[in-house]
Amino acid sequence: MRWDALFADLESQFEALQDSDLYGEVADRIRAEVGKITVLDRLRGAVDTVVRVEVQDADPIRGLLSRVGKDCLLIETERYEEWLIPVEALVAVHRLGPWAEPAVGAVEGKLGLAHLLRGIARDRSPVTLFCSGGGPVTGTIDRVGADFVEIAEHPLDAPRRRTEVYNVRLVPTQALRALRRR
């Protein structure tokens, strides 16, 4: 009887050890896979989710995460505003779910900030730029270079006319924290 109990105890200890080894191996593999996930992958997994985004040099933005590009994201707010935010300007993103999604073959994943800024310049939409170290700048984007944006400053409620433009400002793309378009 004692031998049976001893062998049963040893067998259960051996099974527990094997289970813990398997659990440890699975946990290590999960950690390794999670280590490969990028911020953009996490954001792509939250598309069509209402999020709150903290950005350098701007107030937090709450809205629907509608698209994620290769280096930026687009938020649509309840006030019919669109916010284009470079990933470099992110401080934190709240209300993400647990999912991540790679950019395999996604067109949005290949379109970057410069492409989207050029589209906005082509539309001639009035915008507000939020830049590091300064207040908001309103106007119309005239040019988008390799590493800069040129904006004709004018009031948002006025069309871009020579008589309304009071300054043309060049902003290095790295200084851009967010762009708001109504």
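1. Among contacts between residues at least 6 apart in sequence, 53% join residues at least 24 apart. The structure is a predicted model, and the points below should be read as describing that model.

2. The chain has 182 residues, of which 36% count as buried. Its accessible surface comes to about 11600 Å², and carbon and sulfur atoms account for 53% of that area.

3. Four helices and 10 strands make up the secondary structure of the chain. Their order along the sequence is α-α-β-β-β-β-β-α-α-β-β-β-β-β.

4. The 10 strands form an open sheet with antiparallel pairing, in the order E5-E1-E2-E3-E4-E10-E6-E7-E8-E9. Strand E5 (90-94) and strand E9 (167-172) are the edge strands, each pairing on one side only. From one strand to the next, the twist averages 40 degrees. In the sheet order, E10 stands between E4 and E6.

5. One pairing can be given in detail. Strand E2 (residues 61-68) and strand E3 (residues 72-76) are joined over four bridges in the antiparallel sense. Within this part of the sheet, arginine 67 stands opposite leucine 74 in E3.

6. Which strands does helix H4 lie across? Helix H4 (residues 113-123) lies across E3, strand E4 (82-86), strand E6 (126-131), strand E7 (137-144), strand E8 (148-153) and strand E10 (176-181). The helix runs at about 105 degrees to E7.

7. A search of the whole structure finds 12 salt bridges. Among them is the pair of arginine 182 and glutamate 81, whose closest N and O atoms are 3.1 Å apart.

8. A second salt bridge brings together the side chains of arginine 160 and aspartate 142, at 2.9 Å from N to O. This pair also links distant parts of the chain, with arginine 160 in the loop between E8 and E9 and aspartate 142 in strand E7, 18 residues apart. Arginine 160 is partly exposed at a relative accessible area of 29%. Aspartate 142 is likewise partly exposed, with 23%.

9. In a further salt bridge, the side chains of glutamate 153 and arginine 169 meet at 3.0 Å, N to O. Glutamate 153 belongs to strand E8 and arginine 169 to strand E9; the two are 16 residues apart, and the pair links distant parts of the chain. Glutamate 153 counts as buried, since its relative accessibility is 5%. Arginine 169, at 34% relative accessibility, counts as partly exposed.

10. Some of the salt bridges share partners: Arg79, Glu81 and Arg182 are joined in this way into one network.

Note on methods:
Residues are numbered from 1 along each chain as its sequence is written. This is a predicted model: local features need pLDDT of at least 70, side-chain atom pairs count only at pLDDT 80 or more; totals for chains, interfaces and linings use all residues. Side-chain values use heavy atoms; hydrogens and water are left out. Two strands pair if DSSP finds at least two bridges between them. Axes are lines fitted to C-alpha atoms, for helices over the stretch in contact, and angles run from 0 to 180 degrees between N-to-C directions. Contact means heavy atoms within 4.5 Å. Buried means under 20% relative accessible area, exposed over 50%, partly exposed in between (1.4 Å probe, protein chains only). Accessible areas come from the Shrake-Rupley method with a 1.4 Å probe; for residues, only the protein chains shown count as cover. A salt bridge is a side-chain nitrogen of Lys or Arg within 4 Å of a carboxyl oxygen of Asp or Glu.
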